[in-house]
Amino acid sequence: MRSAFKHPQLYSDTIRFHKCYWLAHQNLPKAFRLTTGEQILREITACLGCVAAANFVNKADPEARRAGARNLMLMRERLEVIRAFLILAWEMRAVSHHTLADLNGRLDELGKQATRWQQWFERGAG
């Protein structure tokens, strides 16, 4: 029998990132908020889905572990898309340097966690 479902720290930290971005999102210029800002929210939501899907796999099954690793790789790709959109927002002066630095630091931490977890999946998928 599988153990009780528990979200990993990466999930909780992604939710915290979403909340942090949401505060910045509310202050974006309307045109940017309704276009690129909404895309950022969709990417963050997709990241949550990637973490949940990776956590759900049967970690004792090598093929399932490979699927978990692919989900985390997809999350890492999405984090880079978010970063690109945030840099665009900064270049268009939609977010401050301070906001960009804060969100960028959080993205770095999420990326590190996703990388470490992906590597764990890959080591056991042998």
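The legends below describe close-up views of a predicted model.

**View 1. Helix H2 and its kink at Gly-37**

Helix H2 covers residues 30-56, which amounts to 27 residues. From its first C-alpha to its last, H2 reaches 37 Å, close to the 39 Å expected at 1.5 Å a residue. The helix contains a kink of about 35°, and this kink is centred on Gly-37.

**View 2. Helix H3 and its buried residues**

Helix H3 is made of residues 62-91. It has 30 residues, and its span from first to last C-alpha is 44 Å, close to the expected 44 Å at 1.5 Å a residue. Several residues of H3 are buried, among them Ala-64, Gly-68, Ala-69, Leu-72 and Leu-79. The buried residues of H3 also include two that carry the name arginine, Arg-65 and Arg-83.

**View 3. The largest nonpolar core**

The largest nonpolar core has 34 residues. Which residues touch the most other members of this core? They are Leu-10, Phe-17, Tyr-21, Met-75, Ile-82 and Leu-86. Helix H1 (9-26), H2, H3 and H4 each supply at least two residues of the core. H2 gives the most, with nine residues. Met-75, Ile-82 and Leu-86 are also listed among the buried residues of H3.

**View 4. The salt bridge between Glu-80 and Arg-83**

Eight salt bridges are found in a search of the whole structure. In one of them, Glu-80 is joined to Arg-83, and the closest N and O atoms are 3.2 Å apart. How far apart along helix H3 are Glu-80 and Arg-83? The two are three residues apart in H3, and therefore they are separated by about one helical turn. An α-helix has 3.6 residues a turn, so residues three or four places apart point the same way. Glu-80 is partly exposed, because its relative accessible area is 45%. Arg-83 has a relative accessibility of 13% and therefore counts as buried, since buried means under 20%.

**View 5. The salt bridges of Glu-109 with Arg-116 and of Glu-63 with Arg-70**

A salt bridge joins Glu-109 and Arg-116, with the closest N and O atoms 3.9 Å apart. Are these two residues buried or partly exposed? Glu-109 counts as partly exposed, because its relative accessibility is 37%. Arg-116 also counts as partly exposed, at 47% relative accessibility. Elsewhere in the model, salt bridges that share partners join Glu-63, Arg-66 and Arg-70 into one network. Glu-63 counts as partly exposed, because its relative accessibility is 42%.

**View 6. The aromatic cluster of Trp-117, Trp-120 and Phe-121**

Two aromatic pairs are found in a search of the whole structure. Trp-117 counts as buried because its relative accessibility is 16%, and Phe-121 counts as buried at 0%. Trp-120 and Phe-121 form an edge-to-face pair, again described by a distance of 5.2 Å centre to centre, with 80° between the planes. The angle between the planes is over 60 degrees, and therefore the pair of Trp-120 and Phe-121 counts as edge-to-face. Trp-120 is partly exposed, with a relative accessible area of 33%. Together, Trp-117, Trp-120 and Phe-121 form one aromatic cluster.

**View 7. Arg-65 over the ring of Trp-120**

The charged end of Arg-65 sits over the ring of Trp-120. The distance from this charged end to the centre of the ring is 4.0 Å. Arg-65 is buried and belongs to helix H3, whereas Trp-120 is partly exposed.

**View 8. Arg-93 in the loop between H3 and H4**

Arg-93 follows helix H3 and is found in the loop between H3 and H4. What is the phi of Arg-93? Phi is near 60°, a positive value in a residue other than glycine. Is Arg-93 buried or exposed? Arg-93 counts as exposed, because its relative accessibility is 76%.

Notes:
Residues numbered from 1 in each chain as written. Predicted model: local features only at pLDDT ≥ 70, side-chain atom pairs only at ≥ 80, totals over all residues. Heavy atoms only, no water. Salt bridge = Lys/Arg side-chain N within 4 Å of Asp/Glu carboxyl O. Buried < 20%, exposed > 50% of the residue type's maximum accessible area, 1.4 Å probe, protein only. Helix = DSSP H or I, 4+ residues; strand = E, 2+ residues; numbered from the N terminus. Phe/Tyr/Trp six-rings, centres within 6.5 Å; stacked < 30°, edge-to-face > 60°. Lys NZ or Arg CZ within 6 Å of the ring centre and 35° of its normal. Expected span 1.5 Å × (residues − 1). Bend = angle between axes of the 7 residues up to and from the residue. Core = buried A, V, L, I, M, F, W, Y, C linked by side-chain atoms within 4.5 Å.
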